[in-house]
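Subject: Structure for your review

Dear colleague,

Please find the structure below, together with its sequence. A summary of the findings follows it.

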Amino acid sequence: AMPSTADQAKLDADAAFKAGEYQNAVDFYTTAITENAKNGTNPKHVLLSNRSACFAKLNQWDKALDDAKNCIIANSSFAKGFSRKGAALHGKGDYAGAAQAYQRALDLEANNEVFKKGLEAAKAAQGSGGARSSAPPSSSSSYRPSSTPFASSSSSSASSAKFPLYLDVFILLAQIFAVVHAIMFVFTSDPHQSRFLFLRAAAAACVSYFLTAVGRHGVPSMGTFSVMYKAFRGTATQADTKGILAFAQDDNTHYIFYCPILLSCNPSLVLLMPIVLSSALTASQRGKRLCERLPAAQKLSAMTFDKIAAREAQLKAMCGNAEVLILIMMIIELFTPRRNLLFLILYFQLIRVRMLINPESKAAWAGAAAKVDSVFLHARSPPMVQSMYRKARDFIGRQMNPMPQS
């Protein structure tokens with residue numbers, strides 16, 4: 001018998017992973033997960049575990065952690081789920097959390113050498129303050145990324161090198177600065193002061209995103225710009241772009257692009273929502289990690305950072321919803337004197353990318369589409385309206401997702 005759609009996607013994903021085509025593997029695993037409930041035979045927790053490994057290979061630690069958590073929810077006795085969680089937390093710099101996750105995996109499989117090595121690596125990084133650490137191990141191969149056209153001053157790879165304490169503190173201060181100025185913006189009535197606070201919040205957030213991206217991926221070398229030039233000309237091969245793929249898919253890179261285009265906008269709290277929410281979340285995670293180094297600061301962390309970090313899923317969902325709200329608002333403003341066509345064009349291009357690779361953005365747009373469908377495709381809606389709406393929806397869908405369907 002021919003394998004089902006879900007099972008075939010899983011086979012394709014396995015092959016792509018072995019070939020080192022991790023983004024393709026992510027796409028195939030996503031299809032397998034989506035279709036598995038209909039016609040698949042693979043356990044959901046296995047698919048989530050495998051996709052988590054792919055995200056880890058791409059250094060997309062937040063997404064790797066999300067899949068690991070969902071894997072554990074699907075099957076709490078699956079040891080590898082905790083191993084995936086440990087690897088993702090290690091990649092994010094949460095060594096204490098990584099050690100706990102690996103220990104939980106060892107509780108389920110006491111003789112697993114990969115889990116033992118993961119626990120040892122997490123404890124070693126925790127003991128050294130995380131200034132220099134190897135990448136977390138995987139059950140199939142090391143999570144250490146392949147060589148990239150990014151230069152780093154460290155002897156370890158740029159993606160796996162951890163932030164020095166001073167850089168972590170500086171980024172945390174920049175994120176807090178951005179959030180505080182956004183709050184001050186809300187309570188300021190003077191137009192000139194409002195714009196000043198708006199721009200300072202955007203600038204501080206941009207600095208924190210840039211430093212985080214450089215800390216994760218290293219300083220771009222001349223080879224990076226050469227590959228980017230080839231990509232713009234359409235002459236880059238898959239091997240050329242493989243090195244900068246993780247950088248291009250990093251949320252920090254997207255926000256580095258978003259913050260400067262805010263300079264062309266009229267100040268608005270809605271425009272600040274994505275960077276405020278993401279800054280608050282990452283600041284809480286970074287602050288929690290820094291407090292773990294100082295026993296005296298544990299109480300402060302429990303009162304502030306821990307509570308915010310515990311709402312990670314809600315904050316990410318709110319961030320995705322804010323992206324939808326911004327696009328709707330900018331389209332409506334086309335019919336007002338506040339119109340900003342330049343921002344709308346640039347933002348639309350950013351959203352196309354976000355929809356392809358960010359789970360929260362996908363979920364937010366799917367939710368918005370479902371609500372609009374319920375209005376225009378209602379049983380009482382005239383057939384002509386339904387037909388026109390379907391055509392418009394299909395056209396917008398093609399614009400938002402330019403990737404060819406296989």
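Which side chain meets that of Arg354 in a salt bridge? The partner is Glu323, with 2.8 Å between N and O. Arg354 belongs to helix α18 (residues 341–357) and Glu323 to helix α17, and the two residues are 31 apart in the chain. Both of these residues are buried. Please note that the model is a predicted one.

Overall composition

The chain contains 20 helices and two strands. It has 406 residues, of which 46% count as buried. Taking contacts between residues at least 6 apart in sequence, 65% join residues at least 24 apart. The accessible surface of the chain is about 20600 Å², and carbon and sulfur atoms account for 64% of that area.

Salt bridges

The search of the whole structure returned 12 salt bridges. One of them pairs Asp66 with Lys316, whose closest N and O atoms lie 3.4 Å apart. Asp66 sits in helix α4 (residues 61–74) and Lys316 in helix α17 (residues 312–333), so that distant parts of the chain, 250 residues apart, are linked by this pair. Asp66 and Lys316 are both buried.

A further salt bridge joins the side chains of Glu312 and Lys69, at 3.5 Å from N to O. Because Glu312 lies in helix α17 and Lys69 in helix α4, this pair ties together parts that are 243 residues apart in sequence. Asp66, Lys69, Glu312 and Lys316 are linked in a network of salt bridges.

Nonpolar cores

The largest nonpolar core has 37 residues, and those touching the most other members are Tyr258, Leu262, Leu271, Ile275 and Phe343. At least two residues of this core come from each of α8 (165–186), α9 (191–217), α13 (251–261), α14 (269–291), α17, α18 and α19 (359–376). Helix α9 supplies the largest share, namely eight residues.

What surrounds Ile275, once its neighbours within four places in sequence are left aside? Ile275 is in contact with Ala201, Ala202, Ala205, Tyr209, Tyr255, Tyr258, Cys259 and Leu262. There is also a second, separate core, made up of 35 residues, with Cys54, Ala98, Ala105 and Leu119 among them.

Helix α9

At the start of α9, a side-chain oxygen of Asp190 comes to within 3.3 Å of the backbone nitrogen of His192. Just after the helix, Gly218 adopts a positive phi of about 90°.

With kind regards

Notes: Residues are numbered from 1 along each chain as its sequence is written. This is a predicted model: local features need pLDDT of at least 70, side-chain atom pairs count only at pLDDT 80 or more; totals for chains, interfaces and linings use all residues. Side-chain values use heavy atoms; hydrogens and water are left out. Helices (H or I, at least four residues) and strands (E, at least two) are DSSP runs, numbered from the N terminus. Buried means under 20% relative accessible area, exposed over 50%, partly exposed in between (1.4 Å probe, protein chains only). Contact means heavy atoms within 4.5 Å. Accessible areas come from the Shrake-Rupley method with a 1.4 Å probe; for residues, only the protein chains shown count as cover. A salt bridge is a side-chain nitrogen of Lys or Arg within 4 Å of a carboxyl oxygen of Asp or Glu. A nonpolar core is a set of buried Ala, Val, Leu, Ile, Met, Phe, Trp, Tyr and Cys residues joined through side-chain atoms within 4.5 Å. A polar contact is a pair of N or O atoms within 3.5 Å; within protein, one must be able to donate a hydrogen and the other to accept it, and residues adjacent in sequence count only if both atoms are side-chain atoms.
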